Amino acid sequence: MKLKGLVLVSLGACSYGILSTLVVLAYQAGFSLNDVIGSQTVLGAVLLWLFVLIGSAIRRKSLSWPSKKQSILMLLTGTTTGLTGLLYYASLQYLSPALGVVLFLQFTWMGVAINTAVTRRAPTAMTLVSVLFILIGTTFATGLLNTMHIQFHWLGVALGLCAALSNAIRVYVSGALAVKTDPMMRSAIMVTGGAILTSVIVPPTFLCYFSTFNSLFFSYGLPLAFFGSFFGMWMFAKGTPLIGTSLATILSSMQLPVTILLSVTVLHLPLEFIQFVGVAIILFGVTIAEVKIKTNKQMLLNKLRRSKATR
């Protein structure tokens, strides 16, 4: 089961890694922040609810709704899905992309810290080593060490760190809240919470103009909704409960190698050798976390075998 969770969360992280390239392309095509965020959250919520209803019709079963209290909690915590994107994109107005990504990737240790505070259990040495490698690799992969003059704007730094915290909360909630609820239903409710928040802050004005909606939907709107709200959220909702929130947070860093790969192949941005080194370090950090899963699984199997042998 843990191996399945590892694969699901990794797929979700790779899905999120596609978003930054789609956003850049959407901006280049003339779409606004309202269009980008709105299509990712509002259209994403619609897409999720459609699949919830279709799945219920196919199974010929009535929808299994969570309790009122759980639904409200998921709506409230789901605001982090929209808030993360808003804060991150706002931080890039004051910071270089390299520094912005480094700040955002701080969610790896923030997620481990949140899990430690809630469960009151210290993270394992393997987890701490994995986080350390990922943070070092992030610094190399973004080319931050080659940047001679980095402008630190206090508001940009604050927004970037808030985006990281919001993302860490999102990952934690994916694995800790209403885990017995159908993952698709849970994703739909949470993304709806994000859609409500973002619609208040940056109204999805493209919904009022058919020509804008038509051009956005068939170009970048549907891919943003699919990778940002539908597939990514679904994978995390299914996978995080199987492996735990700390490990899910670590595996979320897989989005950076995907982002760099697409930046080079699609956006044709330059890639230096030091960035290859950074990606390799990140993958090594994730591998450490994977080894931890296999080690724990093997220890459990050995324990069961010894228990059967003594009977």
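**Entry 1: H2 and H10**

I looked up the handedness first: helix H2 passes helix H10 in a right-handed crossing (left-handed if the near helix is turned anticlockwise from the far one by less than a right angle, right-handed if clockwise). The model is a predicted one, in which local features need pLDDT of at least 70, side-chain atom pairs count only at pLDDT 80 or more, and totals for chains, interfaces and linings use all residues. Residues are numbered from 1 along each chain as its sequence is written, and side-chain values use heavy atoms, with hydrogens and water left out.

I then noted the geometry. The axes of H2 (residues 33–59) and H10 (residues 210–243) come within 7 Å and cross at roughly 70°. H2 is therefore roughly perpendicular to H10 (angles under 35 degrees count as roughly parallel, over 145 as roughly antiparallel, 65 to 115 as roughly perpendicular and the rest as oblique). Axes are lines fitted to C-alpha atoms, for helices over the stretch in contact, and angles run from 0 to 180 degrees between N-to-C directions.

I listed the residues that meet (contact: heavy atoms within 4.5 Å). Among them are Asp 35, Leu 43, Gly 44 and Phe 51 in H2, with Phe 213, Gly 221, Ser 229 and Phe 230 in H10. By class, the contact of H2 with H10 has 12 nonpolar, seven polar and one charged residues. Ala, Val, Leu, Ile, Met, Phe, Trp, Tyr, Cys and Pro count as nonpolar, Asp, Glu, Lys and Arg as charged, and the others, Gly among them, as polar.

**Entry 2: H4 and H9**

I found that the axes of H4 (residues 79–91) and H9 (residues 183–201) come within 5 Å and cross at roughly 45°. The two helices are therefore oblique to each other. H4 contributes Thr 79, Thr 81, Gly 82, Leu 83 and Leu 86, and H9 contributes residues including Met 190, Gly 193, Gly 194 and Ile 201.

**Entry 3: H6**

I checked H6 (residues 107–119): its 13 residues reach 18 Å from first C-alpha to last, close to the 18 Å expected (1.5 Å times one less than the number of residues). Its buried residues (under 20% relative accessible area; exposed is over 50%, partly exposed in between; 1.4 Å probe, protein chains only) include Phe 107, Met 110, Gly 111 and Ile 114. Arg 120 follows H6 and has a positive phi, near 60°.

**Entry 4: Whole protein**

I counted 13 helices and zero strands (DSSP runs, numbered from the N terminus: H or I of at least four residues, E of at least two). Buried residues make up 49% of the 311 residues. Of the contacts with a separation of 6 or more, 88% come from residues 24 or more positions apart.
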